[in-house]
Amino acid sequence: MGEFVEQSLEELLPVYEQLERVQLFKPNEVRQVIKRCRRYEYRLHKQTKRPDDFVNYAEYMTDLLRLIKRRRKAINYFHKTAEIDNTVRNKAEALYRRCTHRFQDRLDIWLKRLSFAKYAKMRLTASKIYSSLLKVHGGDPKLWQDAANWEFTVNRSAVNARALLQQALRRFPQNRHLYLTLFDIE
């Protein structure tokens, strides 16, 4: 188990080095981040996996991302974003993805993953999340309506929004909110 934890931590090693090199974090802060990530990784690799372990780790990575952005703004340093911010963002998304794959019946986790993708401005990923979410939890017309609205307003794809609403109307032909949303999009 320990070797898998260390392998996961080594994937983030360039991030830790860059954080210290560009002086966004002090060396002792980087050590604290590594220690915390190691603790979360051990929780993920134990025999009985719980959804809270994945979610807490992903939320920690999201908070770390917010802290990095605040410190960037404070010292006016906007270089190395691909090496630092994108890696942390992708790690958080991967944690949410693993969690939703393992615990598909938990709608709250799907919504947290979706919320993170929207916060991180991962439009293509959010579109894929909506698609997967509707396959698993397609019995709620409100989710179909939200997906179509997001596709139309944020992703700027009237074609995708129309296709989603047409699918939803085949499943829920009596839902007038779906008809109103389709009318607004058209």
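Guide: α9 and α10 are roughly antiparallel to each other. The model is a predicted one, and the values quoted here are computed from it.

Visitor: What is the angle between α9 and α10, and how far apart are their axes?

Guide: Angles over 145 degrees count as roughly antiparallel, so the pair α9 and α10 falls in that class. α10 covers residues 176-185. The packing angle is about 160°, and the axes are 10 Å apart.

Visitor: Which residues of α10 meet α9, and how do the residues of that contact divide?

Guide: From α9, the residues taking part are Ala 161, Arg 162, Leu 165, Ala 168 and Leu 169. They meet Leu 178, Tyr 179, Thr 181, Leu 182 and Ile 185 in α10. The residues of this contact between α9 and α10 divide into eight nonpolar, one polar and one charged.

Visitor: Is the crossing of α9 and α10 left-handed or right-handed?

Guide: Two packed helices are described by the angle between their axes and the distance between the axes. For α9 passing α10, the crossing is left-handed.

Visitor: How are α2 and α3 oriented to each other, parallel or antiparallel?

Guide: Helix α2 spans residues 13-21 and helix α3 spans residues 27-44. Their packing angle is about 160°, with the axes 9 Å apart. Since angles over 145 degrees fall in that class, α2 and α3 are roughly antiparallel.

Visitor: Which residues make the contact of α2 with α3, and is the crossing left-handed or right-handed?

Guide: The crossing of α2 and α3 is right-handed. α2 contributes Tyr 16, Leu 19 and Glu 20 to the contact. α3 contributes Pro 27, Val 30, Val 33, Ile 34 and Cys 37.

Visitor: Which residues of α6 meet α4, and how many of the residues in the contact of α4 with α6 are charged?

Guide: The α4 side consists of Pro 51, Val 55, Glu 59, Thr 62, Leu 65, Arg 66 and Lys 69. These meet Ile 109, Lys 112, Phe 116 and Tyr 119 in α6. The residues of the contact of α4 with α6 divide into six nonpolar, one polar and four charged.

Visitor: Is Leu 64 buried or exposed, and which residues does Leu 64 touch?

Guide: Leu 64 lies in helix α4, residues 51-75. Buried means under 20% relative accessible area, so Leu 64, at 5%, counts as buried. The C-alpha atoms of Leu 64 and Val 33 are separated by 8.7 Å, although the two are 31 residues apart along the chain. Beyond four places in sequence, Leu 64 touches Phe 25, Val 33 and Val 88.

Visitor: Which residues is Leu 111 in contact with, leaving aside neighbours within four places in sequence?

Guide: Leu 111 lies in helix α6 and counts as partly exposed at 39% relative accessibility. Leaving aside those neighbours, Leu 111 is in contact with Leu 133 and Leu 143.

Visitor: Is Asn 155 buried or exposed, and which side chain is joined to that of Asn 155 by a polar contact?

Guide: Asn 155 lies in the loop between α8 and α9. At 16% relative accessibility, Asn 155 counts as buried. Not counting residues up to four places away, Asn 155 touches Arg 123, Ser 127 and Trp 150. The polar contact, of 2.9 Å, joins the side chain of Asn 155 to that of Glu 151.

Visitor: What is the phi of Arg 156, and what is the phi of Lys 121?

Guide: Most residues other than glycine have a negative phi. Arg 156, in the loop between α8 and α9, is exposed at 72% relative accessibility. Lys 121, in the loop between α6 and α7, is exposed at 71%. Phi is positive in both, at about 55° for Arg 156 and about 60° for Lys 121.

Note on methods:
Residues numbered from 1 in each chain as written. Predicted model: local features only at pLDDT ≥ 70, side-chain atom pairs only at ≥ 80, totals over all residues. Heavy atoms only, no water. Helix = DSSP H or I, 4+ residues; strand = E, 2+ residues; numbered from the N terminus. Buried < 20%, exposed > 50% of the residue type's maximum accessible area, 1.4 Å probe, protein only. Axes fitted to C-alpha atoms, helices over the stretch in contact; angles between N-to-C directions. Parallel < 35°, antiparallel > 145°, perpendicular 65-115°, else oblique. Left-handed = near helix turned anticlockwise from the far one by under 90°. Contact = heavy atoms within 4.5 Å. Nonpolar A, V, L, I, M, F, W, Y, C, P; charged D, E, K, R; others polar. Polar contact = N/O pair within 3.5 Å; in protein donor to acceptor, adjacent residues only side chain to side chain.
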